[in-house]
Structure formats: structure tokens, C-alpha cells
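Please open the structure in a viewer and keep the selection panel at hand.

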Amino acid sequence: MRSRYPLSVAKLWRALASINLFFALAALLVAAMVAGTLIPAAGGIYKTRWFASLLAGLAVNIAVCAGTRMSRRSIGLRPGPFVAHVGMLLILGGGVVSAVWGRRGELTLRAGGSKCCVQKSSKDWHLPFHVRLDRFQIEREGTERHRLTVHHAKQGWTESAEIVPGGTVDLASRGVTIRVLRYVPDLIVDHGSGQVVSRSQEPRNPALQLEVTTSPARRRWVFAKYPGFGHEGADPIEITYEHKPAAVKQFASAVTLMDGDRVLTQERLAVNSPLTFQGITLYQSGYDPDDPSVSILQVSKDPGVPVVYAGFAGLLIGLSLVYLRPRSLA
Amino acid sequence: MTSFWFNAAFAAFLIGLAAYAVAYLAARPALARAGVAGLLAGAAALTVHLLLRWQVAGRAPMSNMHESLLVMTCAVPWLALAFRRAPGAGHLAPQDRLWIGPLGAILGVLGLAAASLFDKTVTPLMPALRSNWLLVHVLITMIGYAAFALAAAAGAVRIVRARRYPDDSQGASLDGFVYRAMTVGFLLLTGGIITGAVWANQAWGAYWSWDPKETWSLITWFVYLAGLHLYRTRGWRGTRFAWAAVAGFAAVLFTYVGVNYLLSGLHSYA
């Protein structure tokens, strides 16, 4: 029976449906991805047109292969391969939708401040609402640790010990006793009163006030981030302070979404617990370790996600049907 | 207390491996039962160790290299035992079925030895890992890696046997086991990549970032996809297919270990 299509079209169709084409495309994609990860200069390979064309070629190959090799009867008998291939097409298609119509960016907010303009976005993006950061909170767990290392410059000895605020480092064998009078996690000097105060509970500038029995200046401050600061040159005892903060358990932002002065919603978002409003999703991305009042949010609007998720479901279901049938395992 | 079960698992795998070796060298097949018992005891001890670590840590033990490798090593003997008892195992030649247990024991010993090289400290979870997806994503992926390890080990046996016995007419049954292990691993790797993408979208707002770990897991996926297509459509068997299983596991090792130490990215914890 003669084909109703010209010979050249039929040949092209067979080539596009060829499994050898898949092997070639897979090899090229793998080589490109390997290069993209191992060669620093090639890191932008995934955004190039030729990489996109490889993915497009793969999509065409999958579509033509599924359409050509799978008749309605074979799909009815063995739906797995067809469903898996359609799933892959949906994943690739969803990726295109994300790339073309998806938007992502970053919002950096200080407590009390609000913004509607997303930064670090490929296109200008003004949100349909303002995001105000009411409060940013860091939750820690475990205990912070303090360690003092004492070096006597003239006698040449060095001792190290973990301490607790209010405790004592007893180096009786060296004739030195150090008492920890006070711990301040974020030490500043108040300009008005001249008093030492803690700016916050976050260990941004941890400091210990010590009383050293054998030092000329019995009381001194030691700073974890500024070793040597506060040490008088004549004092042979040098003390270094190491501070290890308690582990961060979670950090979260309490935000208010506003349209002008009208409050739209008030929510809390944390890592792995995003907030979605009017199709836009806010993610707790990070914070500034040097300024715990600053919260960094990722903002995303991606219509490709449902398409990709449908593709994931199709791929998993299809593969399960292909490989978990008893005959296919024999 | 937890190290007792770790050491017990190691000892059980070693004893099982010794029993298998004596069964083979002394031509006493009955001793293979002791090998199975060792494999089962090792799997059970390692499972207890992981459950105790879960209890001590207050979270699933899957947050770093040591813990994830323990999960993978625990999955290997359970999978090996399941493959021995699976309905399709009847298609394996008796001497090939005997290989599954020893391969499980060898991988158990190697896995525990490698796990002991990594930091065993129980540390709190960082905020990015505080999600139920941790358990789902890592568990599926590690069991997939375990299946790939069995496939690669069986592939290595196939390669060595083909060199010793060029007319290995019974090698076809081992090809079938390599294929089955690869399909199980491929399904689970697909599930692992998908759950990882869904979790990434929930945590970071992007289901795919071309992060080195993500990219190498996709490379591994493509390698196995090509291998399975070569088996089904091009009739790859014997040493060619065995080498595909070994090459695939090399990709798995780079994805699992190499990326962590040679490349940096969002996944830089396990």
C-alpha cells in the first residue's frame, strides 16, 4: 500500500521517531550537562539556545515516537509507555511555560518596612500589593558555647577551656583564675549613658566581661569577633574568646499584605512554609546574619508548575505500568 | 547503645559473607543458609540502629552523608532478600540466585565501612531540611541507589564470568536480574527526582534550578534510561548491558558523593 505522503516526509518522520535519535540526543544532553557542572565557564549552558533546541528535539522525538509506535490498540493493551511519554512531554512543556511566563525575584525587607517592587527579577515586576515585614524572628535550639584560650606571653604556656557565663576558669596550676562576670550577645555602648548594652539577643557581637586575678587591669572585655581588642600591651595574659552560637532551628517572617492602606491579609511564612496570595507565592529564603531585622524573601509566580506536576504524575504512573507488570519483570 | 547495633550489623554481614564463601569453596550449598541468616541479621541490626538514631536525634536519620549512606546500606540486604524471594526469581538459574545474597553481604560490609568514615555526630536539622519531604525524598532515592548498587555488582559478576567462561550460556539469567534491579532503581530514582523537585518548589520557589546535585541526578537518570532502552529495543545483553549497569552506578556515585565534595550548590549537605 503506498503512503499518501511524499517519500521525503515519510523518511523525515521515521528519523524523528527513531530510537537512535533519542540515544544521540540523550548523549548530547548528558555531555552538555556534565560540561555545565564541571566547567565553571560553561555554567550558563542551560540558558543557551542550542541547549534549548536539544530539549526541543527531545520533545519532538518523544512526541513522534509515541504517536507513531503506539496504536490505539497497543495503548489499550499496554498504556504504560504512552502515559510515560506523555508525562515527559508535559514536563518539557511545563518547563517552556515556566521559562516564558514564569516570574521570580527577591524581596529584601527590614522590620517595619514595605515593598512592592521585586528585585533581582529578569523583568520589572511590581506586585499587585505591598509586602510589609512586621517582625522577623530567628528561633534557635541547643545551647551556645563559649571557649576561652589563655596564653601567657612571658611564661609561654597556653590553656583552653569551655566556660559558662557566671562560671570560673580555674588555672590554679598556673596561678591564674578567670571569672566570667557577664555575657553580652550583641554588645554596643549606648551613646547617651555610656553604658554597655545588648542591641539584640542575636550573637552579632558576642562579648564576655572577665575578671582575671593576676592581670594589672583585673576586669576586661573579650570579643569573639575582635580578638585582641581590649588587651593592654603590658598585660602578659592574652585571652582569646571563641563563641559558637546555638543552631538555627527556624526563621520566619510575620508579614502584612496591603493594598494602599487596606490590609489584605496577615500571615507568617517560614522555611518550607510559603505564603500564596493572588497566585503569587512568597518564600522565606534567608536573612542577613549581620542584621537580624532583615528578612530575604523569594517571590514567584509560575503558571508552568501545574503542567509540570501533571507531567510528574504521568511519568510515575506510566513507568509503574511499564515496569511493575509481572511479564515485564520476567 | 547505638554503636552496638552498628557493630552487630557489620559483624553479621561479615559472618554471612564468610558462610557464603565457605559454601562456595567447599561446595556445601547448605551453608548458604547461614549466609542468608547473616544477611538477615545484619539488615535487622542496621534497621534497629537507624531507628535508635531516629529516636536520639528526634528526626529521621537522613540529613548528612553518614546517615544517608546508612539508609542505603540498610536497603541493600533487604532488597537482596526480596529479590531472592520475588516471583521472578524463579527465572534465575540456581547458581545465579546464589549470587544475590553474597552481593548483598559484600555491599553491606562496604557500605558500613564507608559510613564509618563520615562524621557520625547527631546534629540538629537546618531549617531547609525541616520538612516531611526529607523522609520521602531521601528514603526513595537511597533505596533506588541500593538497587543500582546491586545491579552494578551483579553486572560486575557477569563481566568477570564472561571472561572466565566465554561460552557462558547461563549468563542470560543474570542479565535478567541486572535488568530487574535497574528497573526498580530507575523507578525509585524517578520518584526521588520528582519528590525533590516538588520539595524544592515548596522551599525555594523553583522546582528546577540546574543545581549540580539536581543536574547530576538527571544525568544519572538519562544514563539508566538509555540503558533500559538499549536492553528492550536493541537487545543489549551480556557484558554490554553489564557495563551499562556499572557505568550507571559510576554516575550514581558521582551524584551522591562527588557533587558534595567537588561542586557546591544548594544541596551541599548530603
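The model is a predicted one, and every stop should be read accordingly.

**First stop: strands 15 and 16 of chain A**

Select residues 275-277 of chain A, which form strand 15, together with residues 280-288, which form strand 16. These two strands pair in the antiparallel sense over three bridges. Within this pairing, Thr276(A) lies opposite Thr281(A) of strand 16. Next, display the turn: strands 15 and 16 of chain A make a hairpin with two residues between them, and Gln278(A) in that turn has a positive phi of about 50°.

**Second stop: strand 17 of chain A**

Centre on Gln284(A) to find Leu297(A) of strand 17 opposite. Strands 16 and 17 of chain A also form a hairpin, again with two residues between them.

Move to chain B and select helix 3 (residues 65-85) and helix 8 (residues 238-262). How do their axes cross? The axes come within 12 Å and cross at roughly 160°; since angles over 145 degrees count as roughly antiparallel, the two helices are therefore roughly antiparallel to each other. Their crossing is right-handed.

Finally, show the side chains at the contact. Helix 3 of chain B contributes Met65(B), Ser68(B), Leu69(B) and Met72(B), while helix 8 of chain B contributes Phe249(B), Tyr256(B), Val257(B), Asn260(B) and Tyr261(B). By class, this contact has seven nonpolar residues, two polar and no charged ones.

Key: Residues numbered from 1 in each chain as written. Chains lettered and ligands numbered in written order. Predicted model: local features only at pLDDT ≥ 70, side-chain atom pairs only at ≥ 80, totals over all residues. Heavy atoms only, no water. Pairing = 2+ DSSP bridges. Helix = DSSP H or I, 4+ residues; strand = E, 2+ residues; numbered from the N terminus. Axes fitted to C-alpha atoms, helices over the stretch in contact; angles between N-to-C directions. Parallel < 35°, antiparallel > 145°, perpendicular 65-115°, else oblique. Left-handed = near helix turned anticlockwise from the far one by under 90°. Contact = heavy atoms within 4.5 Å. Nonpolar A, V, L, I, M, F, W, Y, C, P; charged D, E, K, R; others polar.
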